[in-house]
Amino acid sequence: MRTATATAAAVATTLLGAGAAAVAAGRYAADAALRPEPGRPLPGTPRLSVHSTAPGRVALTRSLASLRPGTYGLAAPGVHAVVGPVIDGAAHDPDTVVRRLLAVTHGSLEPGTRVVLTPQVHLGDPGAALGLDHADVDVPGELGELPAWFVPGARDTWVIAVHGLGAGREHPMVVMPFLHRLRLPVLALAYRGDLGAPASPDGLGHLGESEWRDVDAAIRYALRYGARRVVLHGWSTGAAMALHTAERSALAGRISGLVLDSPVLDWHTTLRALAAARRTPAALMPFAVRAAEGRAGLRADRRAPGADPGVLRVPVLIFHGPDDVIAPWEPSRRLAAARPDLVTLKTVRDAPHAAMWNADPEGYEEALRRFLTPLM
């Protein structure tokens, strides 16, 4: 009897130890998924090889990624370039694809360089990259000063641009020339966890659950310096932050519209993708996702952004596509279907996460023009 009892105790101890190890490993994986790493490729971003270059063209490894339509950045350590569409009829090897090479903005593209296709087209600040007059400003936030770029315009409706996962203030520069032509002032915000901005108290990203308060601070700054109303334009988690701000801010009445690009509306799927990108073993994935939800404050009693369509009070334009593996397209489709009076969904195909402009710049800007015109 004592032997059976001892065996049962040993088994229980082993199971408890294994459970504790799994929880600890899950917590570690959760922290890895939630730590902001601007510039790190997101899940589903394959590495490509540069096979050759010629004036105005570059040959890349042939893949679904390198065949995508539109305009993208090419990034590698110490290298950044901009590529346009695939060149039809260009001579190439069967395992390559030739794209238009629009610019090499940093370093040099040499054969053999391993690159990723990225939505970030511009490097530097709006002056260096786009030739736009701008000011470096500091937005007072609850954790400290938040660096931002301000591009002036004649109108009193400001656009507050909020980047998302794996990106920084440089990503929203893709729409700055267009917004400048509309004479809309633009405030591009760095928020907690970004380079030059205060870290969050726990050092983790919260998928917008806490970061939205930095957008609220940006609205206060805009109103203090001449804005009468604002449009929030967010990508990825920045889009989730914009929705949270519209739902929770005491200044929500000053928000005249929301532009949401690839919004993160399904925490669970996004956290699974981020944990998988950090090579979390499949056996630990449930622990990692639960731990990440807890660490990020995404508890069951917290409502995901857009979960209650009835709280929307302003027009919303969503750019999203079914090829997004980070933020599923289906919640955006449901939100648009639930509030057709306020929400317009622009479905963009053949585009990865937060690359809706890249896939179709002209179509994106035309939809944006139609949406913004009555809000100016």
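Guide: Start with Ser200, which, apart from its neighbours within four places in sequence, is in contact with Leu143, Arg192 and Gly193. Keep in mind that this is a predicted model.

Visitor: What makes Ser200 count as buried?

Guide: The cut-off for buried is under 20% relative accessible area. Ser200 has 8% relative accessibility, so Ser200 counts as buried.

Visitor: Where does Ser200 lie?

Guide: Ser200 lies in the loop between strand E10 (186-189) and helix H4. A polar atom of the Ser200 side chain is 2.7 Å from the backbone oxygen of Leu204.

Visitor: Why is the pair Asp216 and Arg220 called a salt bridge?

Guide: The label needs a side-chain nitrogen of Lys or Arg within 4 Å of a carboxyl oxygen of Asp or Glu. For Asp216 and Arg220 the N to O distance is 3.3 Å, so the pair meets the cut-off of 4 Å. In general, side chains of opposite charge can pair when their charged atoms come close.

Visitor: Are Asp216 and Arg220 buried or partly exposed?

Guide: Asp216 has a relative accessible area of 11%, so Asp216 is buried. Arg220 has 39%, so Arg220 is partly exposed; that label covers the values between 20% and 50%.

Visitor: How many salt bridges does the structure hold?

Guide: It holds twelve. One of them joins Arg181 and Glu365, with the closest N and O atoms 3.5 Å apart. This pair links distant parts of the chain: Arg181 is in helix H3 (residues 176-181) and Glu365 is in helix H10 (residues 361-372), 184 residues apart.

Visitor: How do you know whether Arg181 and Glu365 are buried or exposed?

Guide: Set each value against its cut-off. Exposed means over 50%, and Arg181 has a relative accessible area of 57%, so Arg181 is exposed. Buried means under 20%, and Glu365 is at 16% relative accessibility, so Glu365 counts as buried.

Visitor: What makes Asp341 and Arg339 a salt bridge?

Guide: Their side chains meet at 2.9 Å, N to O, and the cut-off is 4 Å. Asp341 is exposed because its relative accessible area is 56%, whereas Arg339 is buried because its value is 14%. Elsewhere, salt bridges that share partners join Glu142, Arg192, Arg213 and Asp214 into one network.

Visitor: Why is Arg272 called partly exposed?

Guide: Arg272 is at 38% relative accessibility, so Arg272 counts as partly exposed. Arg272 lies in helix H6 (residues 267-277). Leaving aside neighbours within four places in sequence, Arg272 is in contact with Met285 and Val289. Both of these are among the buried residues of helix H7 (residues 285-295). Just after H7, Gly297 takes a positive phi of about 75°.

Visitor: How do you know on which side of H8 the buried residues lie?

Guide: In helix H8 (residues 330-338), the buried residues are Pro331, Ser332, Leu335 and Ala336. They cover an arc of only 135° around the axis, so they are on the same side of H8. What covers them includes strand E13 (316-320) and strand E14 (343-347).

Visitor: What makes strand E11 mostly covered?

Guide: Six of the seven residues of E11 (residues 229-235) are buried.

Visitor: Which elements make a right-handed β-α-β unit?

Guide: E11, helix H5 (residues 237-248) and E12 make that unit.

Methods:
Residues numbered from 1 in each chain as written. Predicted model: local features only at pLDDT ≥ 70, side-chain atom pairs only at ≥ 80, totals over all residues. Heavy atoms only, no water. Helix = DSSP H or I, 4+ residues; strand = E, 2+ residues; numbered from the N terminus. Buried < 20%, exposed > 50% of the residue type's maximum accessible area, 1.4 Å probe, protein only. Contact = heavy atoms within 4.5 Å. Arc of directions from axis to C-beta. Polar contact = N/O pair within 3.5 Å; in protein donor to acceptor, adjacent residues only side chain to side chain. Right-handed = clockwise from strand over helix to strand, strands pointing away.
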